[in-house]
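Here is a protein to explore by question and answer.

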Amino acid sequence: MRGATGDAAGAASATGAGAGSTSATATGAPTLARAPACERWRAAELERDSGSESDCEAVDLAPLFVERSVSQAAARVALELAGGVQLDVAQDSGARRAGGDAALAGGLTERMSQTGSVVWDGSVAAAELLAEAAASGEAWVRDARRALELGAGATGLGGLCLAKLAGTRLELVALTDRAPLLERLRGNVARNGLAQDARVQVAEVLWGETRRADWAGTMDLVVAAACVYDAPLVDPLLDTIALYLRPAGGRCLASFDASVGRTAAYAHFLARARARFASVLELPPRDRLPHVRIFALAGLRRIVAQP
């Protein structure tokens, strides 16, 4: 992100590129150096056994002692990304605090708070990385034809960024979440001049369910940014990624904000992702967002059901 502004927060200072460069191999797979241990945010805590603690009491997601890249109190967030990509989204901190879906199974956080109503640093970091990868011509973004954002929320930074990238071959960019968020998500699609773009679709996708069977196994790129909060939702999230991702050559970009402190959920996600994917590569952290961890998941394994 080169700049960020919010109506209530004013202009934020400019940021640099990520703390590490990326390049593409002949096959399009990114060659990325693993982040140095000294630059990871609370790495030791995140590697603890997911069964050793519970995150159930940690409902408020405001990270302590961390300066966010954008203000969640602002009515709008504007980002300028690499390659001239400009995003402008409306957010609603009041809706986030008003309460979530009490009937939602498995996710304490979303039952208590509409997290998707505001912008999170995990989504900002993912959008930054996507824009920089496209600007530098990396094949995993440049050559993707079908892309899906899971848990896009009402702001949809990852999907909006993909839809506005220049020089890609994208034929479909799907932004998905639960039904209560979709009206505001469509509003942000229109706010960014994409309402008439036939490539862009907004749809309900619930993790662990088959809402769009026609998309199964067709996505070259799946983005799951700032989606990991509750350990019980990790397996449904990974099942949904596996359902829609193209088995050969598809990859997923996943991120979470470690400063939020959901250590059990993060450890469970990493353990389960390593079981589902042949490659789970941690990407170098962003300069201004060292608390956000970003992973490239590739090489989807076939899970054979036991008799």
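Q: Leaving aside its neighbours within four places in sequence, which residues is Ala298 in contact with?
A: This is a predicted model, in which local features need pLDDT of at least 70, side-chain atom pairs count only at pLDDT 80 or more, and totals for chains, interfaces and linings use all residues. Residues are numbered from 1 along each chain as its sequence is written, and side-chain values use heavy atoms, with hydrogens and water left out. Contact means heavy atoms within 4.5 Å. With neighbours within four places set aside, the partners of Ala298 are Gly250, Arg251, Phe277, Ala278 and Ser279.

Q: Is Ala298 buried or exposed?
A: Ala298 is found in strand β13. Strands (E, at least two residues) and helices (H or I, at least four) are DSSP runs, numbered from the N terminus. Buried means under 20% relative accessible area, exposed over 50%, and partly exposed in between (1.4 Å probe, protein chains only). Ala298 has a relative accessible area of 17%, so it is buried.

Q: How many Å apart in space are Ala298 and Gly249, C-alpha to C-alpha?
A: Along the sequence, these two residues are 49 residues apart. In space, the C-alpha atoms of Ala298 and Gly249 are separated by 7.3 Å.

Q: What is the relative accessibility of Pro285?
A: Pro285 lies in the loop between β12 (277-282) and β13 (292-300). Its C-alpha is 9.9 Å from that of Leu129, 156 residues away along the chain. Pro285 counts as buried because its relative accessibility is 8%.

Q: Which residue is the bridge partner of Asp177 in β9?
A: Strand β8 (residues 172-177) and strand β9 (residues 200-204) run parallel, joined by 5 bridges. Two strands pair if DSSP finds at least two bridges between them. In β9, the partner of Asp177 is Glu204.

Q: What is the handedness of the β-α-β unit made by β8, α7 and β9?
A: Picture the strands pointing away from you. A crossover is right-handed if the path from the first strand over the helix to the second then runs clockwise. The unit of β8, helix α7 (residues 179-191) and β9 is right-handed.

Q: How many Å does α7 reach from its first C-alpha to its last?
A: Helix α7 has 13 residues.

Q: Why are the buried residues of α7 on the same side?
A: The buried residues of α7 are Leu181, Leu182, Leu185, Asn188 and Val189. They lie on the same side of α7 because they cover an arc, taken from the directions from the helix axis to the C-beta atoms, of only 125 degrees. An α-helix has 3.6 residues a turn, so residues three or four places apart point the same way.

Q: How many residues of α6 are buried?
A: Helix α6 is mostly covered. Its buried residues are Leu157, Gly158, Gly159, Leu160, Cys161, Leu162 and Ala163. Of the 8 residues of α6, the buried ones number 7.

Q: Why is β10 largely enclosed by the rest of the structure?
A: Leu221, Val223 and Ala225 point one way from β10, and Val222 and Ala224 point the other way. Both sets are buried. Strand β10 is largely enclosed because its buried residues number 5 of 5.

Q: Which residue is the bridge partner of Val223 in β11?
A: Strand β7 (residues 146-149) runs parallel to β10, with 3 bridges between them. There, Leu148 has Val222 as its partner. Strand β11 (residues 251-257) also runs parallel to β10, joined by 5 bridges. In β11, the partner of Val223 is Leu253.

Q: What is the phi of Ala226?
A: Ala226 sits in the loop between β10 (221-225) and α8 (234-244). Its relative accessible area is 12%, so Ala226 is buried. Although Ala226 is not a glycine, its phi is positive, at about 55 degrees.

Methods
The expected span of a helix is 1.5 Å times one less than its number of residues.
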